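Please examine the sequence and the structure before reading on.

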Amino acid sequence: MGYVAVTGGQEAIEQADQLSKYYRTNDITTLLDPHMIEKQMRLLIDRIMGEGGLYAPEYAAIALKQAEGDPLEATFLLRAYRSTLPRHFYSKPMDTASMRVIRRISASFKDIPGGQMLGPTNDYTHRLLQFGLRKEDEEALSQFVTDYGLIEEGDNVQITFPKVVDLLREQGLVANTKDNMEEEIPYDITRKKLTFPTSRSARLQTLARGETGAMTSLAYSSMRGFGVIHPTVGELRVGYTEAHIPYPFGDDEEDSIYIGEVMMTEVESINSFANNEDDDDVQFAIGYGLTLGQNEVKGIAMSVLDRSLETTGDAPAHDEEFVLTHIDSVESYGFVSHLKLPHYITFQSKLDRIRQAQHKRKAEEGAETNAKTT
C-alpha cells in the first residue's frame, strides 16, 4: 500500500505519538538496549532482516524497539529505511558451498560427508516453559559462557562441508542441475514492478523476503493435499557466507573486494521424481530456499513454494500471482492496516444506498397495501 498518512488534527496526531511513547516507557525498571535485543532475540532479528530485505542486525533491533515488539511494524520500518539507501554495487554471486557452517543437517540421509551438525537449535529439547528466566544471574551466565569454551568467530576457524544435493547431481539423479539452467541477469524486484508471469529469479527474491507465517501456511497447505509438493529436506545449512563486490578500478571481471560475511539459512529439498524432458531419465526435482539469518522454517517453506510454483496445479500454492502477492508482509500489512484510516465518504455512500433501498422497499410495500385495500 502506498498511502499510510492521514490528514487530520495535527495536535491530536502528535499527542497520539507521545502517548505511544508513554505506554512504551511507563512503569519500567530498565530500558531495553538495542544491543540486548540484537543478541538475546537473535531469531526475531533474523526474521525481521529477512522480511525487511536488509542485513543490518543493529537497525533491525532499533526497529523492533521502536515498534514495541511488533515484527510486522518493525519489518515495515526496516524496509522503508532500506528504500532510502543508495545502491553503489551489486555483489558477486555468493558461494554457499563454502559457507562457514554453524548448523547442517539432512533428513534424507543418515550418513552424509562430514556428518550431521546439530548446531544452535531447540528442535531436540522439550517445549517446557523455563520460569528460571525470570531471575537470570548475569555473573552465572558470564561464567557459563567462559566455561563452555565455544570457539569465537574471530578465531578464523573455517568449518565447511560439501553440499549433499551436489552428490546427487554428480550421479545424474537431479533434474534441474546447474548445467541446464540458463544464465540470466537477475530480475531486481526493488527496481522493477513485479509482473506475471515472472522469472524464477524474481520469484526467489520475492520468496526470500516473504512473511514467514504466510509462507509456512501456504507450504503447509501443499503438504496437506492442497497441492502436490511434499518434499524431504536434502540439506539444511546455517552459517556465514562471504560477500564480495567487484573491484571498481579493475579490468578483470574476477577482481573483487571482500566486504564481510552474511549469516544465511539455505535449504535444498528433494521432491518426487519424474522423467527428465531432455533425456527421459527418471530424476529428482529440487526446491530451493535461502533467507537472511537463521530462519529454518521459512527456508523450508520457501523450498516447498519454489517447487510448487514450478509445478502445474490448481491449488493456491501453485498459483504464482496468488503466492507472490500475498506473502509480502509490508504489502499485506499496509493494505489491512489502511482499514484503520478514515473511510467516511465511501462508507457514507454505502449508507445512503442502503437507506434508499429501504425507502424504496417501504414505498413499494405501502403502494401494494393501498392497492389491496382499494
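In which helix do phenylalanine 144 and tyrosine 148 both lie, and how many residues apart are they? Both belong to helix 6 (residues 138–148), where they are 4 residues apart, about one turn of the helix. Helices (H or I, at least four residues) and strands (E, at least two) are DSSP runs numbered from the N terminus.

This is a predicted model, in which local features need pLDDT of at least 70 and side-chain atom pairs count only at pLDDT 80 or more, while totals for chains, interfaces and linings use all residues. Residues are numbered from 1 along each chain as its sequence is written, and side-chain values use heavy atoms, with hydrogens and water left out.

## Aromatic pairs

A pair of aromatic rings is described by the distance of the centres and the angle of the planes. Here, rings of Phe, Tyr and Trp (its six-membered ring) pair if their centres lie within 6.5 Å; planes under 30 degrees apart count as stacked, over 60 as edge-to-face and the rest as tilted. By this rule the model has 4 aromatic pairs. One of them, phenylalanine 76 with tyrosine 333, is edge-to-face, at 5.9 Å centre to centre and 80 degrees between the planes. Because phenylalanine 76 lies in helix 5 (residues 71–82) and tyrosine 333 in helix 12 (residues 329–337), this pair ties together parts that are 257 residues apart in sequence.

Exposure is classed by relative accessible area: buried means under 20%, exposed over 50%, and partly exposed in between (1.4 Å probe, protein chains only). Phenylalanine 76 is partly exposed at 22% relative accessibility, whereas tyrosine 333 is buried at 18%. The rings of phenylalanine 144 and tyrosine 148 have centres 5.6 Å apart and planes at 35 degrees, so this pair is tilted. Tyrosine 148 itself is exposed, with 57% relative accessibility.

A further ring contact involves a charge, which sits over a ring if NZ of Lys or CZ of Arg is within 6 Å of the ring centre and within 35 degrees of the ring normal. The charged end of lysine 192 sits over the ring of tyrosine 187, 5.2 Å from its centre.

## Salt bridges

A salt bridge is a side-chain nitrogen of Lys or Arg within 4 Å of a carboxyl oxygen of Asp or Glu.

| Arginine 47 | Glutamate 51 | 3.0 Å |

Glutamate 51 is buried, with a relative accessible area of 1%, while arginine 47 is partly exposed at 25%.

Since glutamate 235 lies in strand 2 (residues 232–246) and arginine 104 in strand 1, the pair ties together parts that are 131 residues apart in sequence. Arginine 104 and glutamate 235 are both buried. Elsewhere, a network of salt bridges links Lys163, Asp166, Arg169, Glu266 and Glu268.

In soluble globular proteins, nonpolar side chains tend to be buried together. A nonpolar core is a set of buried Ala, Val, Leu, Ile, Met, Phe, Trp, Tyr and Cys residues joined through side-chain atoms within 4.5 Å. The largest such core has 15 residues, and those with the most contacts inside it are Leu207, Met215, Leu305, Val323, Leu324 and Ile327. Two or more residues each come from helix 8 (200–208), helix 9 (212–223), helix 10 (296–309) and helix 11 (320–326). Helix 10 gives the largest share, 5 residues.

In helix 3 (residues 42–52), the buried residues are Ile45, Asp46, Ile48, Met49, Gly50, Glu51 and Gly52. Just after helix 3, glycine 53 takes a positive phi of about 70 degrees.
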